Structures are given as structure tokens and as C-alpha cells.
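Please take a moment to look over the sequence and the model before reading on. The paragraphs below are meant to be followed with both in view.

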There are 2 protein chains.
Amino acid sequence: MRVHNFSSGPAMLPFEVLEAAASELSDWRGSGMSVLEVSHRGKDFVACAAEAEALLREVMGIGDNYKVLFLQGGASGQFDAIPFNLTAAGDRVDFLNTGQWSAKAISAAKRQGLEVSVLADQADSKYTDTPAAGSFEVHPDAAYLHYTPNETIGGVEFGYIPESGSVPLVADMSSTILSRPIDVNRYGLIYAGAQKNMGPSGLCVVIVREDLLDKARPNTPSVWNYAAMAAADSMLNTPPTFGVYLLGKILQWVKDAGGLTAMADRNRAKAEALYGFIDASGYYSNPVATDSRSWMNVPFRQAKDELDKTFVAEATAAGLTNLAGHRSVGGMRASIYNAMPLEGVQALIDFMTDFERRNG
Amino acid sequence: MRVHNFSSGPAMLPFEVLEAAASELSDWRGSGMSVLEVSHRGKDFVACAAEAEALLREVMGIGDNYKVLFLQGGASGQFDAIPFNLTAAGDRVDFLNTGQWSAKAISAAKRQGLEVSVLADQADSKYTDTPAAGSFEVHPDAAYLHYTPNETIGGVEFGYIPESGSVPLVADMSSTILSRPIDVNRYGLIYAGAQKNMGPSGLCVVIVREDLLDKARPNTPSVWNYAAMAAADSMLNTPPTFGVYLLGKILQWVKDAGGLTAMADRNRAKAEALYGFIDASGYYSNPVATDSRSWMNVPFRQAKDELDKTFVAEATAAGLTNLAGHRSVGGMRASIYNAMPLEGVQALIDFMTDFERRNG
């Protein structure tokens with residue numbers, strides 16, 4: 001029996017995609033081989049990867065002046081790879097710090113010898129909001145401005161795209177990519193681990209504007225060298241083939257469902273239902289400022305903290321899994337990515353209502 | 001219909017493993033979730049990863065003084081990661097160069113500021129042999145001696161473990177790991193991309209002796225920092241969960257089949273059959289010195305080069321796939337990893353016999 005899985009990542013995938021993958025896992029397209037067993041340089045897989053890239057370009061509206069790369073090492077790998085590719089040691093870079101993932105990206109930038117300016121530090125508000133638009137000023141000599149549009153742990157999401165003038169804007173979109181339309185042209189570089197809205201863990205998508213390809217340090221690891229990887233169609237080394245294959249299937253599912261506009265409608269409806277319920281409740285609460293609430297990750301608390309374990313255990317028994325909050329934060333968290341249907345959120349609300357009735 | 005797949009990697013996997021994975025891909029262990037969808041920090045996946053590590057330790061005989069890491073970025077990523085972890089810029093490192101993969105590792109070591117000494121350069125013999133044991137001397141001040149026990153492209157394999165004295169021995173075992181017993185204690189560090197004998201692409205296994213964990217440069221990328229990853233059970237960031245899961249299944253298959261001794265028997269029999277046929281033929285040839293022939297990758301040529309495309313096309317039609325040689329070498333190559341049964345090699349020999357009869 002299929003459960004409603006609120007995991008923050010690796011996360012729920014569309015069931016149709018899982019069933020399609022299962023049905024052809026031991027014989028892909030009548031080849032007598034699994035997609036796991038074919039050479040990445042064979043024409044079948046090369047076509048599969050090209051199709052995934054074409055779908056991503058179509059669904060997100062990515063212009064020809066951007067390269068799309070399929071890399072390994074996750075967004076955490078990119079925390080180091082971005083300084084290698086876009087800076088020289090000693091360069092200035094600007095950051096907005098809105099949570100634990102921003103903070104890790106900042107640590108890596110420092111480790112790679114950069115002069116980091118944190119233009120807005122929401123640690124001051126315990127990571128419960130985003131800086132107001134226009135409240136910070138980018139250094140004109142910064143190599144880039146980095147921010148995290150959605151913080152998976154805090155459940156904090158930007159309601160706007162920061163203005164960075166001529167300074168390239170760099171975004172870790174791991175937990176928000178494909179959840180709504182975005183204007184790719186505002187960005188110099190977008191990167192995202194696949195394991196929330198795009199597929200399995202182990203694949204990292206990088207979308208980089210071509211004018212940023214000529215800045216890599218001489219000692220940039222080749223598997224993270226954007227220019228070299230772009231020239232090799234992301235096959236300088238063996239790519240994570242199964243992840244690329246699944247990404248293609250998920251993008252087709254997004255497209256068939258109506259694309260990113262439809263995803264946004266669906267995600268807004270789920271978020272409004274859950275936040276609306278929490279706000280109307282005297283028992284549950286969400287700490288995030290109204291204009292900064294994430295559509296993807298909804299942390300919440302109940303009035304009686306001591307019942308958290310009971311809540312999670314009973315929810316699991318009711319087919320609502322992975323609701324424990326991040327270990328650094330506690331409480332509960334419902335991650336409601338693209339693949340989570342509105343019925344899943346409704347089932348959660350029904351459970352929360354019943355739990356409050358019994359314990360409130 | 002299942003074919004005999006001679007791909008060099010990603011490569012053939014045991015069919016039982018594929019079928020087992022397919023059967024539970026949309027519902028893992030009755031959880032109502034796919035293994036692709038579960039949190040890497042959940043108890044089910046943590047147990048799955050621990051089981052894979054325990055099996056690897058058992059099958060390979062890895063002592064407690066070694067850490068086992070599940071990383072991303074492939075062996076090509078390790079070409080850069082090893083210098084970051086084991087050296088300071090300017091250190092001396094020794095290499096044996098036996099093919100294109102050795103050469104790439106050498107390039108990366110130079111890129112990371114190391115003083116590289118190539119103790120034996122088999123480019124001189126067009127990568128058709130290995131240096132004789134005892135024919136080179138390791139520098140006592142070298143940070144490590146690096147070699148490639150099996151070169152996937154040239155089909156050249158060491159018949160012995162190089163003597164490095166007190167200097168740590170580092171080996172890229174991507175295409176030979178699990179193919180026969182090895183004495184892990186002779187090594188400081190073993191690394192291997194999974195996509196030949198261990199599973200899908202996107203997972204890289206690193207086996208590192210504990211005394212080598214304290215040497216990382218301050219700017220080592222965290223996802224490749226051996227000490228940090230060892231302390232976090234390879235979960236400093238999200239691991240490639242599906243790869244780890246499949247690795248566990250494949251290791252169980254190896255164990256059930258009799259472990260590495262049984263794999264060695266099986267692989268020796270396949271290699272002897274194929275090389276024996278080639279050597280007895282006046283039509284086919286293999287360029288590699290007898291004592292350096294790979295059990296895993298068998299490049300070969302036919303007397304009439306102009307028939308290569310015909311050979312590959314007809315073989316494919318006969319259910320023998322991915323036999324084209326590496327693009328840099330030409331000719332043909334049969335990769336016969338653990339999952340390839342003797343019957344597959346026999347079918348190839350039968351086809352080669354018939355092809356020669358018709359064209360020789």
C-alpha cells in the first residue's frame with residue numbers, strides 16, 4: 001500500500017514514473033539490457049540524456065546562452081565547485097544567509113580562499129524570514145551574489161528574485177527547482193541536487209550562463225570543471241546514468257501535467273491548505289514570517305512538544321511517513337514537493353485534526 | 001530477450017539482482033515507498049548502507065584499520081580528491097603509467113601542484129604491458145605510489161602487487177575490484193567507480209587506511225574529505241542511495257556465488273577461453289604481453305580491419321552487444337566482468353569462429 005511520504009529528500013516521486021521504471025528495469029526499450037547496464041556513450045543513452053536536457057530546457061525556459069550540466073557530488077559538492085569555477089582566491093563574493101544551507105555554502109567559499117561578505121544574516125531572526133527586497137546592496141566588484149531561494153530545514157523561501165545588477169546571481173535551487181516558473185535569465189548560475197523535485201540522489205543539475213565558463217582556476221577538478229564538462233556533454237567521465245534517465249521521465253511527467261504553471265498552482269494549493277490549517281489552529285504553529293514561507297517544506301510544532309514522538313509514530317502508522325523535523329530543529333516537518341498530491345496534504349490535515357482532538 | 005552485454009562500463013549486472021530490484025522498485029520492503037524515495041538518514045536506509053559496507057568488508061577481507069567510504073564523482077573525481085586528501089602542494093608522488101587511466105590520474109596530480117615522478121612509462125610500449133616487478137624503485141619521500149591494476153582501455157592488468165615499502169600504495173581498482181581476492185593490507189588506499197563490478201555509475205567506493213586520514217589540505221571539498229566523510233558514515237551530504245542499495249545486492253550475489261575465490265575461478269576460465277581462442281586463431285589477435293593480459297577487458301583485432309563495423313553490427317544482431325573497441329583504440333573489445341557468464345564468452349567465441357569462416 002502506497003503511503004504519503006513527507007521526506008525532505010530523497011523524496012516522494014511520481015508513482016507513474018516508479019512503475020514505468022520498474023517495468024523496464026531489466027529490459028530497457030527492448031534492448032535485452034537494463035538502462036543500468038548500457039554504455040553512457042552508446043547511442044541509446046546519449047539520446048536519453050539529450051532528451052532529458054531538451055525537456056529541462058523546455059520546461060524551465062532555459063535560453064541557448066546557458067549550458068546544462070549533469071554532475072555528481074550534489075549541491076554540497078557545488079559549494080566548493082562554484083568558487084573553483086567562478087573565482088580566483090582572494091576574490092570578493094556576496095552572500096545572503098537564510099539558513100543552514102546558505103551557511104554551508106559560505107563555509108565552503110571561505111575554505112576556497114574567498115573574501116565573503118554576508119549582506120543579510122537571518123541567523124539574527126533564527127532563520128525565520130528572508131531579507132526584505134532592497135534591504136541589501138551588492139558589492140559591484142563581487143564575483144557573484146549567492147543565495148538559497150528555499151531553505152529545506154527552516155522552511156524559508158524567497159518571494160522574489162534578489163536584484164544583483166551586473167553581478168552574476170548564483171542560486172542553490174535544490175529544494176525549489178521545478179516547483180514554479182522562474183525567470184532563468186535573471187541568473188548567472190542555478191544548481192540543484194536532484195533528490196527533491198528531479199529524481200534520485202547522486203545527480204546534480206547545473207545551469208550556467210556561457211560567459212561564466214572561462215573563469216575556472218587551473219586546479220579545478222575535471223569532473224566539476226563547467227567548461228570542460230560543457231564541451232563533453234557532461235561525459236568527461238561516466239555520468240550517473242540512472243539519475244539522468246529518471247530525470248527525463250520526471251520532466252515528461254511535469255510537462256504532461258501542464259508544466260511549471262500547473263506545478264505552481266498545485267503547490268500553492270497544497271501550501272495554502274496546510275499553512276491555513278496551522279494558522280487557524282490554536283494547537284499547531286509555524287514560526288516563519290508569512291511572506292517567507294516555503295511551498296516545499298513546512299516545519300511545524302504542536303503546543304505539547306513532549307508528544308512529538310507520539311505524533312510521528314501515529315502518523316507513520318496512519319500511512320503518513322517521514323514527518324519528524326530535522327534533527328537540528330526538532331518538531332515536525334512536512335515536505336510537500338511536486339509529487340505530493342493535494343490528497344496527501346488533506347490526509348495530513350485530517351490526521352492533525354484528529355491528533356489535536358485527542359491530545360489538545 | 002536477454003543479450004550478452006560486453007560493455008566496458010556501465011556494464012552487465014547479474015540478472016537476479018536486476019529482477020529483484022525491479023520487483024521492489026515501487027515498494028521497498030513493504031514500506032509503501034521506493035528505495036529511491038526514502039531518507040538516507042532513516043533507519044531503513046542507514047541499515048541498508050551498513051549492510052553493504054559489512055558485506056564489502058567480509059567479501060574483500062578489509063581490516064578494521066580501514067575506513068570504507070561511499071562517495072560521488074567517480075574514479076575521475078578521486079584523481080583530484082586523492083592529492084587533496086593525502087598531500088600538500090609541492091609534495092612528491094610516484095606513478096606507474098600503464099594506460100589512459102593512469103595518465104589521467106597523473107594529469108590531475110600535476111594540476112594539484114604535485115611533483116610527479118613516473119617510475120615506469122609503458123607509453124613506450126604503446127600500453128601493451130606492465131613494468132616487470134622490481135624494475136622500478138619508489139622514492140622514500142613520496143607521499144604515495146599510484147598505479148592502475150587494470151587498464152580498461154588497453155586491457156592491461158598487473159599480475160602482481162607493486163612493492164612500495166613504507167610508501168602508501170594507492171590503486172584505481174575500478175575495473176578489477178571484486179574480480180579476484182586481493183590483499184587489502186598491501187594498500188594505503190583503494191578506490192573504484194562502481195559501474196563495472198559493483199553496480200550502477202554514480203557511486204565511488206574508497207577504502208582508506210586510517211593513518212592516512214589526517215593529511216587533508218584545508219581547502220579539500222567536504223564531499224571528498226575522507227576524514228569528514230568517515231566521521232559522518234559517508235553521509236555528510238546525501239549519498240547516491242540507489243547505488244549503495246544495488247551494491248549491497250551485488251555483494252550478496254558475490255558472496256552467495258562463493259566469494260572472490262569463486263569469482264577468480266570463473267574469471268580465469270572466461271579469460272583463458274577467450275585468449276586461448278584468439279591466440280590459436282590466425283585471424284584474430286590481442287596485442288598485450290601474455291603476463292599482463294586483463295581478465296576483465298579483452299581488446300582484439302581481426303586481420304581485416306575494414307570489417308570491424310560489420311563484425312560489431314552482426315554480433316549485435318546475434319545478441320552480443322557493445323563489442324566496439326574504445327574510440328581512441330579502434331578494433332573490438334570484450335569486457336567480461338563478474339556478471340558475464342562463461343556461456344556468454346562461449347557464444348562470442350562461436351560467433352568469432354563463424355565470422356572468420358565467412359570472412360577469413
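This is a predicted model: local features need pLDDT of at least 70, side-chain atom pairs count only at pLDDT 80 or more; totals for chains, interfaces and linings use all residues.

Where they meet, 26 residues of domain 1 of chain A are in contact with 26 residues of domain 2 of chain A, and the area buried between domain 1 and domain 2 of chain A is about 2,000 Å², with 56% of it given by carbon and sulfur atoms.

What kinds of polar pairing are found across the interface of domain 1 and domain 2 of chain A? The rule for salt bridges finds zero there, whereas the rule for polar contacts finds 13 residue pairs, both residues of each pair being at pLDDT 80 or more. On the side of domain 1 of chain A that touches domain 2 of chain A, the elements that give two or more residues are helix 2 (43-60), strand 6 (150-151), strand 7 (156-157) and helix 6 (241-256) of chain A. Of these, helix 6 of chain A gives the most, with three residues. Sorted by class, this side of domain 1 of chain A has eight nonpolar, 12 polar and six charged residues.

The next interface to follow is the one between the chains. Here 59 residues of chain A are in contact with 59 residues of chain B, and the area buried between chain A and chain B is about 4,400 Å², of which carbon and sulfur atoms give 56%. The count of salt bridges between chain A and chain B is two; one of the salt bridges joins the side chains of A:E37 and B:R2, with an N to O distance of 2.7 Å. Across the interface of chain A and chain B there are also 22 residue pairs in polar contact, both residues at pLDDT 80 or more.

Which elements of chain A supply at least two residues each to the side that touches chain B? They include helix 1 (15-23), helix 3 (74-86), helix 4 (100-111) and helix 6 of chain A, and helix 3 of chain A gives the most, with five residues. By class, the side of chain A that touches chain B has 25 nonpolar, 26 polar and eight charged residues. Three strands of chain A form an open sheet in the order 11-12-14, and the pairing is antiparallel. Strand 11 (284-285) and strand 14 (332-335) of chain A are the edge strands, each pairing on one side only. Strand 12 of chain A, residues 297-302, pairs with strand 14 of chain A in the antiparallel sense over four bridges, and A:P299 stands opposite A:R333, the latter in strand 14 of chain A.

Some backbone details remain. Most residues other than glycine have a negative phi, and most peptide bonds are trans. The peptide bond from A:G9 to A:P10, however, is cis, with omega near -10°, and A:P10 has its place in the loop between strand 1 (4-5) and helix 1 of chain A. In chain B, a cis peptide bond joins B:G9 and B:P10, with omega about -10°, and B:P10 is placed in the loop between strand 1 (4-5) and helix 1 (15-23) of chain B. As for phi, B:Y127 has a positive value near 55° although this residue is not glycine, and B:Y127 lies in the loop between strand 4 (115-121) and strand 5 (145-147) of chain B.

Definitions and conventions: Residues are numbered from 1 along each chain as its sequence is written. Chains are lettered from A and ligands numbered from 1 in the order in which they are written. Side-chain values use heavy atoms; hydrogens and water are left out. Contact means heavy atoms within 4.5 Å. Buried area is the accessible area (1.4 Å probe) that two parts lose on being put together, summed over both. A salt bridge is a side-chain nitrogen of Lys or Arg within 4 Å of a carboxyl oxygen of Asp or Glu. A polar contact is a pair of N or O atoms within 3.5 Å; within protein, one must be able to donate a hydrogen and the other to accept it, and residues adjacent in sequence count only if both atoms are side-chain atoms. Ala, Val, Leu, Ile, Met, Phe, Trp, Tyr, Cys and Pro count as nonpolar, Asp, Glu, Lys and Arg as charged, and the others, Gly among them, as polar. Two strands pair if DSSP finds at least two bridges between them.
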